[in-house]
Amino acid sequence: MGRYVLRRLLQLIPVFVGTTFLIYALVWSIPGNPFAGMCGERPCPDAFVSAMTDKYNLDDNVFVQYFKYLGSLLSGDFGETFSGLDVGELIALRYPVSVRLALVAVAIEAVIGLVAGILTGLRGRGFLDNLVLVSTLFLIAIPTFVTGFVIQILLGFQWEIMTPTVSSAATWSELIIPGFVLGSLSMAYVSRLTRTSIAENKRSDYIRTAYAKGLPQRRVIWVHLLRNSVIPVLTFLGTDIGALMGGAIVTEGIFGINGIGRLVYDGILSKEGVVVTGVVVLLVLVFLVVNLIIDLLYAVLDPRIRYD
């Protein structure tokens, strides 16, 4: 196991460098004048543009720019915006909010999706199975921004069950409804994936063998069937954590949440490539670490999996 972990950690290095370079190159290749609008309605003086170009290494080719950025990144410096704001501080202010929102969304999609998938997978076809299938198809078909607006109008404005927008504190209780909206699509996928996985494993040889040995049904279901069926679901949930944090722009905009999704959106509008790059680099790290943890959990769930 130790050698496997070390090997995986070493594999993360080229993956991190490759993905971050592609992100950096794509972000900084966006056309447009990055200094447009910084000096009001008048164009910026040549001396100012020259000083800013030299400060941010804009005259260098993309490879030189990237490795200078990577060197700063390894020392914990995410750079600064064209207006002089520290990107690391901006991320530190917004990131905890997005983490809480993503955790709430993952918890909701995991609990509701797993329960619905397990019940329908074990019981087979019937009223509950049809109800879950129709409900998940409904969630998949409706865009997230429509779900968010409908819930905000009904619960926030008409029924006044919740505040239409989230406060600056963004407490856990305030993030329940936005978390449900953010995780609604993934919740439908988790439910269907769990149902399909259980239905397939129910017909497997090892399940029939377990029953033939006289094991109690509860032990067969909880120890053998569910532990093996949850592996693909765990993979989906793990990769979904980073996706939810990066894809929360619409949800954060609807409910007025000041998270990294909103930060990326503002960075795109203002052509602050260093902000977009810094946030995406952090999300890449989250993806890599979560995937490593998920791989290690496989051996816990399925004893047949061994890492040498």
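Helices are taken here as DSSP runs of H or I with at least four residues, numbered from the N terminus. In this predicted model, α11 is followed by Lys271, whose phi is positive, near 60°.

**Helix α11**
- In helix α11, which runs over residues 260–269, the buried residues are Ile260, Gly261, Leu263, Val264 and Gly267.

**Helix α5: length and faces**
- The 15 residues of α5 should span 21 Å at 1.5 Å a residue, and this agrees with the end C-alpha atoms, which are 21 Å apart.
- Asp129, Val132, Thr136 and Leu139 are the buried residues of α5, and since they cover an arc of only 100° around the axis, they fall on the same side of α5.
- The other side of α5 carries the exposed residues Phe127, Val134, Leu137, Phe138 and Ala141.
- The buried residues of α5 pack against α4 (87–123) and also against α7.

**Crossing of α5 and α7**
- The axes of α5 (residues 127–141) and α7 (residues 176–201) come within 8 Å and cross at roughly 145°, and the crossing in which α5 passes α7 is left-handed.
- On the α5 side the contact is made by Asp129, Val132, Leu133, Thr136, Leu137, Leu139 and Ile140, while α7 contributes Ser184, Leu185, Met187, Ala188, Tyr189, Ser191, Arg192 and Arg195.
- Sorted by class, this contact of α5 with α7 has nine nonpolar, three polar and three charged residues.

Definitions and conventions:
Residues numbered from 1 in each chain as written. Predicted model: local features only at pLDDT ≥ 70, side-chain atom pairs only at ≥ 80, totals over all residues. Heavy atoms only, no water. Axes fitted to C-alpha atoms, helices over the stretch in contact; angles between N-to-C directions. Helix = DSSP H or I, 4+ residues; strand = E, 2+ residues; numbered from the N terminus. Left-handed = near helix turned anticlockwise from the far one by under 90°. Contact = heavy atoms within 4.5 Å. Nonpolar A, V, L, I, M, F, W, Y, C, P; charged D, E, K, R; others polar. Buried < 20%, exposed > 50% of the residue type's maximum accessible area, 1.4 Å probe, protein only. Expected span 1.5 Å × (residues − 1). Arc of directions from axis to C-beta.
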